[in-house]
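Please open the structure in your viewer and keep the selection tool at hand.

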Amino acid sequence: MAMLLEDIVQSVEMWLKLIKKPQPYVDPNLDPVLLVPGIAGSILKAVDDQKGKEEQVWVRILGADYKFQNKLWSRFDPSTGRTVSLDPSTNIKVPEERYGLYAIDVLDPNMIIGRECVYYFHDMIVEMIKWGFQEGKTLFGFGYDFRQSNRLQETLDRLAAKLESVYKASGGKKINIISHSMGGLLIKCFMGLHSDIFEKYVKNWIAIAAPFRGAPGYIASTFLNGVSFVDGWEQNFFISKWSMHQLLIESPSIYELMACPHFHWQHIPLLEIWREKEGCDGIPRIILESYRPGESIDIFKEALSGNSVDYDGVNIPLPFNLEILKWAKETHKVLSHAKVPSGVKFYNIYGINLETPHSVCYGSEETPVTDIQDLRFFQPTYVCLDGDGTVPAESAKEDGLHAEARVGVPGEHRGILCEPHVFRILKHWLRAGDPDPFYNPINDYVILPTAFEMESHHEKGLQVTSLKEEWEIVSEDQDNLDDVASRKPFVSSISVSQGENKQSSRSEAHATVIVHPQNEGKQHVELNAISVSIDA
């Protein structure tokens, strides 16, 4: 009877919890966080200066392509460095609701079916609120017009004002910036041009999946074919690749994502074209031409020489823009000279384990390219390297900065923002939430379980059980690379046996532990074990 009463009491208590929405946990001791997205990671609204009407143009599903072309298509103004909408009455703005978080959370809040495809920082925001962060007190967002250059003074002024407002709203606490993708270039430009402001307001900067040396394969095919920001069936209701191409060809931010011209790539990114050319003997031959990043410019110029759009009854030429290229080269100089101020700590998380476009090839021996202006009709093929599917790991790792830690995490370029491993690492670096059961406060590292396998079977009167478990230890300590290369994994063996008695049968267990040398902030540990016991 007592047990039944206890069950009733527990049921009522659970019901009471359900009808009263619990208040989120707030940790007043946390330092504030500012989230900064990458390209296409901010909601954009078009404001009609004449009528005062405001409507969302990025991201939207209904009427997406039409509104995109009418409100977002633009031309670059070399006198100001801004790209300006073709519609003279349209002004593009980023919504500021929820302290900047609204613009970078769910990119189309009106979308119901398939909403996950337009999540940006949504999962990270939800997770951080669980850790005790509070919107407007310790959690903020910074959206921006991603068409513009990463060093456009207008954007940098907005960012400076945002840092000051976050600093004041949090009671004078220094800020943790978490940037994603191209947002890392924006932050690095700001740090290089306004290091005094950066040092005054920023405590830590954590860059995730930043294309510090460019995204060669992704950008080369974007110039020639366009790009889709949504995969699967949703792209049928979204912006066409051609519409996106016509926008990006006039966007300085895209030119700033080209392969860094002075970086010493381990594998040089190439633009390759199968072409039919007449030999000295007059016989046509199929040859494969290869162009390095600097040499590819002439191909882009020729391929896009006839590119244009019809806007409001007027044909507007949109060739490869050499004025933007000139501007982007100056941006690369700013990025190459930027340094982390002495009072700020920098961390780098980059994506790995996915085939990532690096070199691009058009045509084939069977179907060569006869006219360079036809390249946009060819489907490119790629030579891929390790990365996150968009940014090669080599580019993301080589930040050119003094880093407290660099950690490679398996994950897709945008999907990495909802990876549990990333959350565990962020939680540790931000000193947030409940203590991690795998966090070692003495040696200051996080242990991430990465694999667990166990099998058991019977064989000739014996029970055999095998176990395999792996971990990664994420630490701020950085070993010398030369030492890492010269050191070998540490291997240790353990054996345990138990004699037969009345309570148990005879059994033995053997285990091998392999500890790999630390590399780029990570240390891999493997355990392989097997036990054998006599069936009772």
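Begin with the second largest pocket, which holds about 710 Å³ of space. On a 1 Å grid over the protein atoms alone, a pocket is an open set of points with protein on both sides within 12 Å along at least five of seven lines, a cavity is a set where a 1.4 Å probe fits but cannot get out, and lining residues have an atom within 4 Å of a point. Grid points are joined across faces, edges and corners, and a volume is the space filled by probe spheres set on the points.

Select Ala259, Cys260, Pro261, Pro293 and Gly294, which are the closest to the centre of this pocket among the 31 residues that line it. This is a predicted model, in which local features need pLDDT of at least 70, side-chain atom pairs count only at pLDDT 80 or more, and totals for chains, interfaces and linings use all residues. Residues are numbered from 1 along each chain as its sequence is written, and side-chain values use heavy atoms, with hydrogens and water left out.

Next, colour helix 7 (216–225), helix 10 (296–303) and helix 11 (322–337), the elements that each give two or more residues to the lining of the second largest pocket; helices are DSSP runs of H or I with at least four residues, numbered from the N terminus. Helix 11 supplies the largest share of that lining, seven residues.

Now select Lys188, Phe212, Arg213, Cys260, His332, Leu335 and Ser336, which line the largest cavity, with a volume of about 50 Å³. Here too helix 11 gives the largest share of the lining, three residues.
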